[in-house]
Amino acid sequence: MNSGLKGLLRGELTSWVGAAASIAVVLFVLMVLAGAPFGEALSGFVDGAFGGRRFSYLLTTLSRTALIVGMAISVMLSFRAGLFNIGGEGQLVAGGLVAALVAIMLPGPPLVVLFLSIFAAMAAGALWALLSGVLQLYLGVPLLVGSLLLNYPIRYIGSYLVAHPFRDVQSGMVQSHLVPQATWLPYFPGTRLDIGILFIAVASVFAIIYSHTTVHGYHARLNGLSPDFARAVGLPVNKLALQTLAMSGAIAGLVGAIAVFGIHHRYIDGMLVQPLYAWTGIIAVLLVGMIPWLVPLSGFFFAAIQTGAAGMERTADVPKEIALVMQAVIILFVASRVSGALLASSGRKASGGGDA
Amino acid sequence: MHVALSGITVRFGALTAVDDVSLAITPGEIHAIVGENGAGKSTLMNALFGLVEPAAGAISIDGTVRRWTSPRGAIAAGLGMVHQHFMLQEEMTVLENIVLCSEPVGRFGFVDFAAAHRRLKESADSHGIVIGLDRVVGDLSVGERQVVEILKVLYCEAEVLILDEPTSVLTPQEKDRLFAILKSFRAAGKAIVLITHKLDEVMEIADRVSVMRGGRLIASGRRAETSKEEIARGIIGGELPAARQRRPRAPGEVVLSVDKLVAAGRGMAVGPITLSMRAGEIVGIAGVSGNGQAELVQALTGLRPSISGAITLCGVRIEALDVERRRQAGMSYIPEDRQRVGLALGATVAENANAGRDDRAAFSRGPFLNRAAMTRFARSLIERYRIRVGGASARASTMSGGNKQKLVVGRELARATPLVIAENPTWGVDIGAIDFIHGELMRMRDEGHAVLLVSTELDEILALSDRILVMYAGRLAGEVARDEASRERIGEMMTSRAVDALPEVA
Amino acid sequence: MLELLFDSSFAASVPRFVTPILLAALGGALCERAGVFNIALEGFMLTGAFAAVLGAYFSGSPYLGALAAMLAGIAMGLVFAEFNLRRGGDPIVVSIAVNILAAGLTAFLLRAIFHVTGAFNDPAIAGFEPVHIPLVASIPYVGRLLSGQSILFYVAIIAVPALHVFFARHRLGLRMRAAGENPAALEAGGVSPSRVQLWALIGCGAFCGLAGAQLSIANVNLFVENMSAGRGWIAVVAVLLSRGRPLPLFLIAVVFGMVDSLSFRVQGFGLPQQFTDMMPYLATLVVLVGLSWWRRRQSV
Amino acid sequence: ADKLFVYVSPDAIGVNAFLQMGKTGIEAAGKEYGADVKTYESKTAAERLDNVNAAINEGANVVVLLGFEFNDIVKEVAPTAPDTQFLIVDQCIDERPDNVHCAVFREYEASYLMGVAAGMLTESKKVGVVGALDIPFLHRYTDGYAQGVKSVAPDVSVDIRWVGGENPFADPVRAKEQAVAMHAAGSDLIFTATSGGDYGVFEAAKENNFKVFSVDVNHCPELPGHIIDMTLKRVDTAMVEAVGAIEKGEKKTMVSLGLKEGGMGAMALDDAALATSQCEIAKHPEVVEKVRSVAKSIEDGSLKLEDPMFAK
Ligand SMILES: Nc1ncnc2c1ncn2[C@@H]1O[C@H](COP(=O)(O)OP(=O)(O)OP(=O)(O)O)[C@@H](O)[C@H]1O
Ligand SMILES: Nc1ncnc2c1ncn2[C@@H]1O[C@H](COP(=O)(O)OP(=O)(O)OP(=O)(O)O)[C@@H](O)[C@H]1O
Ligand SMILES: [Mg+2]
Ligand SMILES: [Mg+2]
């Protein structure tokens with residue numbers, strides 16, 4: 001269950017210290033390259049991630065955490081089932097797009113509109129994920145490739161819809177109209193953090209319970225560990241795969257809806273793609289080796305790196321792109337030891353077998 | 001060339017796989033090494049060959065101590081090894097396979113295939129081996145592949161030849177030809193190490209026998225000075241299990257009937273196959289691996305779609321059903337590949353034990369798992385099958401091969417279905433475990449279940465089956481009743497109309 | 001209409017689109033055949049594009065720019081090797097990390113070295129001039145196709161048969177194939193598969209570096225963040241489809257390059273830009289589906 | 001200094017001349033009014049929001065926002081930060097609170113002039129224009145240009161294309177390809193409004209030997225012999241002016257700058273600069289003449305142009 005974590009804690013301590021030291025060295029070199037004042041950079045980082053007047057930067061971090069964790073949870077469900085779905089981005093876009101369009105077009109009481117839109121967004125995300133599943137199961141396109149390629153059409157479909165039929169012409173941008181103000185997710189009192197994070201918290205709890213305690217989660221995981229085994233003992237592998245993908249896509253769709261109703265209040269072309277929410281979600285899962293309850297923590301960690309880097313740029317002029325480098329280096333040093341068996345479970349290679 | 005191993009010790013973490021073993025290998029001799037699974041035979045040879053690094057001990061060749069940390073050094077010193085599993089590139093030609101790793105290179109590192117061809121011809125001819133060098137290995141039969149392996153060793157001009165279980169995949173005829181080649185090598189003054197589980201072979205060809213158990217060398221001596229029984233006692237470290245009593249039993253009603261079943265195979269279709277099985281009988285399917293047994297089993301279990309034909313299980317037509325519904329209709333399946341198909345190695349023993357159970361209510365509460373019930377069931381299997389494992393929550397990957405197999409067998413037999421399909425159920429497990437698994441299959445038979453036993457081990461087929469079917473080239477080549485069965489008769493059917501896989505030795 | 005689609009500038013533009021995909025895919029083929037599941041071509045390529053600009057800017061020579069690109073690609077290959085081959089990291093994880101690393105590092109260095117964000121353009125960046133082949137240039141349609149391309153196009157074209165021969169007859173090529181198919185056998189023969197795979201990654205880095213150079217100092221003379229824009233992924237698909245066989249790989253790269261080039265041209269017919277943008281990806285999916293359908297028919 | 005001006009860019013500044021002018025502008029304004037200046041670059045919708053919030057959080061007196069991307073953000077944030085003044089350049093919002101100010105340009109007036117010149121100079125009777133992305137704002141360039149062409153040569157056709165792709169505002173590769181394709185389709189003069197992609201179009205012009213019009217700043221010296229003229233947009237002067245008004249305490253400042261106010265221009269209109277500009281239009285005095293007379297009639301209102309951004 002959590003042998004990854006045990007590995008983290010057991011023995012190996014020196015090599016973990018080694019990894020941490022290596023990461024620090026890489027970052028140090030980069031800082032020197034950028035000619036950054038070290039102390040300022042550090043305090044800028046901490047302030048940017050956790051500080052600000054009335055903790056406004058911490059709230060920014062939390063707001064970003066919500067989206068990253070949401071995407072991470074979505075990806076985790078797929079990965080644990082051995083489904084290498086890296087089409088979270090497309091599912092996210094499908095969700096955001098549909099959420100905005102439904103909310104704009106559907107008349108009715110705001111709360112009803114809000115929930116129907118969220119539901120529609122989840123359905124859209126699920127459908128988009130199912131499409132890649134169908135491509136894999138019935139048309140022979142590997143999920144890894146199919147799900148990735150499907151990210152692009154939906155992005156352009158979204159772009160087209162808000163550039164032409166549903167464009168808010170007055171705004172001058174490629175974006176939809178605003179969703180009705182009454183459907184906007186409220187802020188926590190006295191803050192500028194919307195309650196979208198509560199939805200994500202619920203999704204996380206669901207994912208943890210699902211993974212550890214349900215029959216479906218157990219079957220999906222067996223399928224993930226060894227698809228041949230799952231087939232041989234008569235698990236309905238195709239159905240499992242499609243259901244898991246749908247679940248995964250629905251959560252990505254939910255995240256899209258939260259970005260619409262909580263943050264941007266409309267669909268803006270590129271708003272869900274450019275910040276790399278989906279990719280950050282993937283690495284957040286990889287960092288903790290797909291252990292469900294650790295995913296929210298690692299999502300928060302990466303969100304803090306991003307907002308911290310922005311703070312570092314403001315105070316010390318260190319390019320905030322350093323956040324990407326930090327994430328990559330951490331993944332390289334940490335995940336290369338925690339999660340070994342992705343490839344095997346993605347079914348690319350016949351396992352080496354070994355003498356048995 | 002004399003090779004002497006002294007005090008070799010190999011450790012894998014806490015496990016001491018080879019414990020202070022000293023051994024001499026003499027030219028012009030065939031030296032058999034025997035022992036249970038996991039006794040350390042392969043590991044000892046891997047240490048000699050530079051594939052693993054011994055924690056202690058020395059290797060000396062013709063009196064001088066040598067060290068190497070990769071096979072490169074061993075090959076240069078004149079050692080050659082044919083591994084337990086074929087070390088071949090299926091997509092390459094025979095010639096490419098043979099030159100690989102010791103390619104004669106011309107300019108800019110390009111391989112001089114012509115030179116290799118010439119050199120190979122010489123050494124092959126001298127032992128009377130003929131094989132098409134431009135054929136792709138993937139198209140070769142198992143016996144031919146074995147020849148490629150031997151040619152690889154010959155090509156490197158090895159003086160010491162190590163063969164790790166070379167016969168486990170061969171038909172009796174192929175085995176005979178292999179032994180003829182080995183004898184020719186012995187005559188040429190080469191030293192040969194032969195690892196095997198088959199004591200008949202030891203008695204047939206070996207000049208010297210060494211027995212290993214639990215990493216230690218138990219005994220070593222001239223074959224002529226020992227007996228099969230003595231060796232067997234050495235292997236298991238105790239008395240041999242008593243020969244199994246076979247209770248006569250009249251077969252009951254038809255459990256499975258297969259009518260003109262055709263399944264897709266690699267390159268060509270398998271079938272049409274027609275057979276039927278009754279309650280209380282074990283039907284053995286013999287054959288050289290790759291003759292359609294795997295496809296037949298997969299078509300029966302639903303893992304592979306059948307192209308045409310009918311399958312009826314306990315009166316229900318099942319050819320259109322999926323795996324789950326076929327299992328519910330009364331089928332259990334012990335797959336050959338326990339690592340990938342039999343178990344999910346990353347999951348716990350309990351999780352593995354409960355997978356594929358139809359009585360879902362027994363280990364779940366609504367959509368939720370009943371972990372306690374799952375653990376209870378796993379514990380009962382562990383006890384009943386004497387599985388040596390840390391516990392129900394240990395990962396399946398921590399078990400040894402034999403114990404893994406017991407878990408698979410236990411899980412499937414516990415379902416007590418009318419039909420049990422067992423595919424090489426004792427492949428690569430040791431004598432003790434083999435005996436246990438055979439006993440279980442016999443028990444099933446005696447209790448009135450039908451058992452379809454697919455095995456490449458003739459001995460196993462002969463020991464268990466009430467009727468024997470032989471598969472060749474995707475079809476049933478014939479049926480032999482238990483009383484009329486003999487190794488020779490079946491061996492012939494296994495290769496009926498076969499192109500001679502192994503060339504005649506001059 | 002067809003002639004608008006297939007005017008001679010279309011011929012001239014196809015190689016521009018084919019070259020980066022083909023070069024990256026050739027690199028990918030080395031890894032594929034050697035059994036390294038490298039889907040970080042995008043990152044390798046982006047790093048190469050940046051290094052090419054860096055080299056060309058400071059040296060004033062596009063050749064040194066291309067050399068720098070190769071070295072940078074190789075450096076990424078070494079990073080991949082360190083974490084995948086030596087530390088045993090999952091190749092997909094390492095690939096994703098390397099892609100992110102490349103995006104971050106190029107953007108970061110762009111600011112650290114040139115003090116700009118987003119894009120860097122300067123007359124001092126020495127780009128490749130088109131190579132005009134005297135006789136060929138005067139053949140009507142083919143002339144535009146084969147003459148007047150950047151030198152890297154010709155490198156890519158020559159590399160296709162060269163790689164084929166390399167796999168078939170060269171010692172390292174043979175060993176790479178073995179490392180990809182059955183590394184244990186290679187190891188048993190005394191050759192370390194990871195050593196062979198290391199060479200594959202080095203070669204892959206060099207090819208992808210050149211692919212990047214084609215983008216940044218042959219097609220145009222500047223660097224833009226993320227300028228590889230998904231081409232590395234298309235190359236990955238080409239590699240997977242062709243299973244690393246150079247000749248089929250060439251054909252697939254040409255198809256993808258043509259679709260890419262065509263998608264620009266059909267905008268002239270009033271198709272919304274978003275739909276033309278989709279074309280390369282949809283075409284890739286269609287090819288994937290078609291090919292797997294064809295393979296399934298073959299196997300029955 | 002105890003004052004802080006923050007410039008938040010909507011995109012990476014890079015080689016984007018327009019956004020670079022914003023930086024020049026904020027620095028000039030800072031110097032003029034004795035304030036520290038900071039530039040926060042954004043690349044995504046989320047970063048824009050974060051950066052505006054950060055500017056407020058860091059205590060900026062004036063936050064300058066370039067481009068239409070900030071409308072939503074200002075609407076939401078400005079009322080909650082009454083002590084901070086917001087200046088939106090290029091765009092304006094309805095129902096502004098007191099602390100929101102605007103400076104907008106009438107780009108279509110200048111692109112109309114480019115169209116006039118193109119209509120007169122084309123030999124193939126076909127001209128082209130590449131925009132970064134098919135969005136209303138960029139129609140101020142493409143449509144203005146097309147109208148200008150039609151006004152002098154109704155028989156000339158105008159090919160309008162977009163860069164699109166992953167990076168529409170910074171993709172010289174695709175921009176170049178569009179220009180090459182357009183040229184192949186018969187256009188002999190191409191107007192480029194592709195921000196970061198302009199250099200790609202220039203490359204195409206150099207390789208295929210056709211002529212182009214560009215935007216924002218004088219590119220002629222970089223590509224002598226190939227650039228006819230360009231629209232000039234004086235973001236920096238507009239910014240200093242507007243910040244001045246804000247500093248004086250004006251509320252809801254609104255400046256609209258076109259040819260008349262000198263906020264937009266063209267090389268042909270500026271006698272002194274034209275001589276040393278190396279722009280091709282200098283070789284065609286009759287075109288310069290015509291452009292100037294059209295400009296005059298736009299300035300004095302006798303020629304009324306509709307803002308294409310709000311046209312159907
Ligand atoms: N690569 C490995 N790394 C760590 N432990 C291993 C490895 N391979 C095998 N083991 C351990 O060695 C033990 C035996 O495993 P293996 O599957 O090789 O058994 P075997 O020799 O076939 O066993 P048996 O004798 O029971 O048939 C197990 O405890 C297993 O966990
Ligand atoms: N790489 C390894 N890592 C850990 N344990 C190993 C490894 N290889 C072998 N072992 C263990 O060392 C012991 C000796 O294994 P070895 O393969 O030498 O047995 P063997 O006598 O050849 O058995 P078999 O008859 O099954 O081939 C076994 O317990 C095995 O599980
Ligand atoms: Mg074993
Ligand atoms: Mg062995």
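How many bridges join strand 8 of chain D to strand 9 of chain D? Three bridges join strand 8 (residues 189–193) to strand 9 (residues 211–216) of chain D, and the two strands run parallel. This is a predicted model, in which local features need pLDDT of at least 70 and side-chain atom pairs count only at pLDDT 80 or more, while totals for chains, interfaces and linings use all residues. Residues are numbered from 1 along each chain as its sequence is written, chains are lettered from A and ligands numbered from 1 in the order in which they are written, and side-chain values use heavy atoms, leaving out hydrogens and water.

**The sheet of chain D**

- Six strands of chain D form an open sheet with mixed pairing, in the order 7-6-8-9-10-12; strands (E, at least two residues) and helices (H or I, at least four) are DSSP runs numbered from the N terminus.
- Strand 7 (157–162) and strand 12 (264–266) of chain D are at the edges with a single partner strand each, so one side of each has no neighbour in the sheet; two strands pair if DSSP finds at least two bridges between them.
- From one strand to the next, the twist averages 15 degrees.
- D:L189 has D:K211 in strand 9 of chain D as its bridge partner.

**The sheet of chain B**

- Chain B holds an open sheet of six strands with mixed pairing, ordered 16-19-20-13-21-22.
- Its edge strands, strand 16 (331–334) and strand 22 (475–481) of chain B, each pair on one side only.
- Strand 16 and strand 19 (residues 419–423) of chain B pair in the parallel sense over four bridges, and B:A422 in strand 19 is the bridge partner of B:I334.
- Helix 14 (residues 401–413) of chain B lies across strand 16 and strand 19 of chain B, running at about 175 degrees to strand 16; angles run from 0 to 180 degrees between N-to-C directions, and axes are lines fitted to C-alpha atoms, for helices over the stretch in contact.
- Helix 15 (residues 431–446) of chain B packs on the sheet and touches strand 13 (282–286), strand 19 and strand 20 (450–454) of chain B; contact means heavy atoms within 4.5 Å.

**A helix pair in chain C**

- Helix 4 (residues 62–86) and helix 5 (residues 91–114) of chain C pack at an angle of about 145 degrees, with their axes 10 Å apart.
- Residues of helix 4 of chain C that meet helix 5 of chain C include C:M76, C:F80 and C:F83.
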